[in-house]
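My notes follow in the order in which I checked things.

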Amino acid sequence: MAQINPSILSADFARLAEEAEAVRGSDWLHVDVMDNHFVPNLTLGVPIVESLARATDISLDCHLMIEDPDRWAPQYVEAGAGSVTFHVEAAAAPIRLAREIRAKGARASMALKPGTPIEPYEDLLPELDMLLIMTVEPGFGGQAFLDIMLPKIRRTRELIAKHGLELWLQVDGGVAASTIERCAEAGADVFVAGSAVYGAEDPAGAVAKLRALADGATADAWWACGH
């Protein structure tokens, strides 16, 4: 079954506990952490994650768009994140970092910007629990989906199958009712949605609709036979 992770980047930051409750039924709550260095935007950090973890029982999926994740990522596990994603473009020692995140009790995930190919990192895949393919340039919410990322999603799914891995494949950026089926057909099974959820009159209903669309597309997808 597809997993839908609403992004609180599109939520009302003054009402985060209520906004988390508004998407009850979601698989994870996606938390975008930006440092105004790795990406040109500044968002929340460790103290907000700690507060959010106390305010909701939905597991937190923290996406670190920051420099020096080798230093900072473990602190997000300690703050209560159940999954921590670092960018391979920013990590000095990605294998060591993934192992440290896992050792602290969270799922380890690695993200690739649109211009970063997956092939050089094939040997790292067994060290991960999830791989995130960015389908927009990281840094801002509300961007249009980049269709040119679909072949990259497909190639990544092929590599996961090649190695027989139980690795989640997440997409983030421009995911909406009009794009989620293409992502699922290409091989994604975890979907981050911001404005498509929090911009809806009924956020929980939007989550359910997105999941149904993704599940429908997955059922007929080339990669899901026997999945």
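**Entry 1: D215**

I began with D215, which touches M1 and A2 when residues up to four places away in sequence are not counted. The model is predicted, and I read all of these notes with that in mind. I then looked up where D215 sits and found it in helix α8, residues 203–219. For the pair D215 and A2, I noted a C-alpha separation of 5.7 Å, although the two are 213 residues apart along the chain. Is D215 buried or exposed, or partly exposed? D215 has a relative accessible area of 24%, so I put it down as partly exposed.

I looked for aromatic pairs and found one in the structure. The partners are W28 and W168, arranged edge-to-face, with 6.1 Å from centre to centre and 75° between the planes. Why does the pair tie together parts of the chain that are apart in sequence? W28 is in the loop between α1 (16–21) and β2 (29–34), while W168 is in strand β7 (residues 168–172), so the pair links parts 140 residues apart.

I checked the accessibility of each partner. W28 is at 11% relative accessibility and therefore counts as buried. W168 is at 23%, so I listed it as partly exposed.

W168 also has a charge over its ring: the charged end of R107 sits there, 3.5 Å from the ring centre. I recorded another arginine over a tryptophan, R157, which lies over the face of W223 at 4.2 Å from the ring centre.

**Entry 2: strand β3**

I turned to strand β3, residues 60–65, and asked how many of its six residues are buried. The count is six of six, and I noted the strand as mostly covered. L60, C62 and L64 point one way from β3, D61, H63 and M65 point the other way, and all are buried.

Next I looked up the neighbours of β3. β2 and β3 run parallel and are joined by six bridges. In this pairing L29 stands opposite L60 of β3. β3 also runs parallel to strand β4 (residues 83–87), with four bridges between them. Here C62 has V84 in β4 as its bridge partner.

Last, I checked the connections. β2, helix α2 (residues 46–55) and β3 form a right-handed β-α-β unit. A right-handed β-α-β unit is also made by β3, helix α3 (residues 69–79) and β4.

Notes
Residues numbered from 1 in each chain as written. Predicted model: local features only at pLDDT ≥ 70, side-chain atom pairs only at ≥ 80, totals over all residues. Heavy atoms only, no water. Phe/Tyr/Trp six-rings, centres within 6.5 Å; stacked < 30°, edge-to-face > 60°. Helix = DSSP H or I, 4+ residues; strand = E, 2+ residues; numbered from the N terminus. Buried < 20%, exposed > 50% of the residue type's maximum accessible area, 1.4 Å probe, protein only. Lys NZ or Arg CZ within 6 Å of the ring centre and 35° of its normal. Contact = heavy atoms within 4.5 Å. Pairing = 2+ DSSP bridges. Right-handed = clockwise from strand over helix to strand, strands pointing away.
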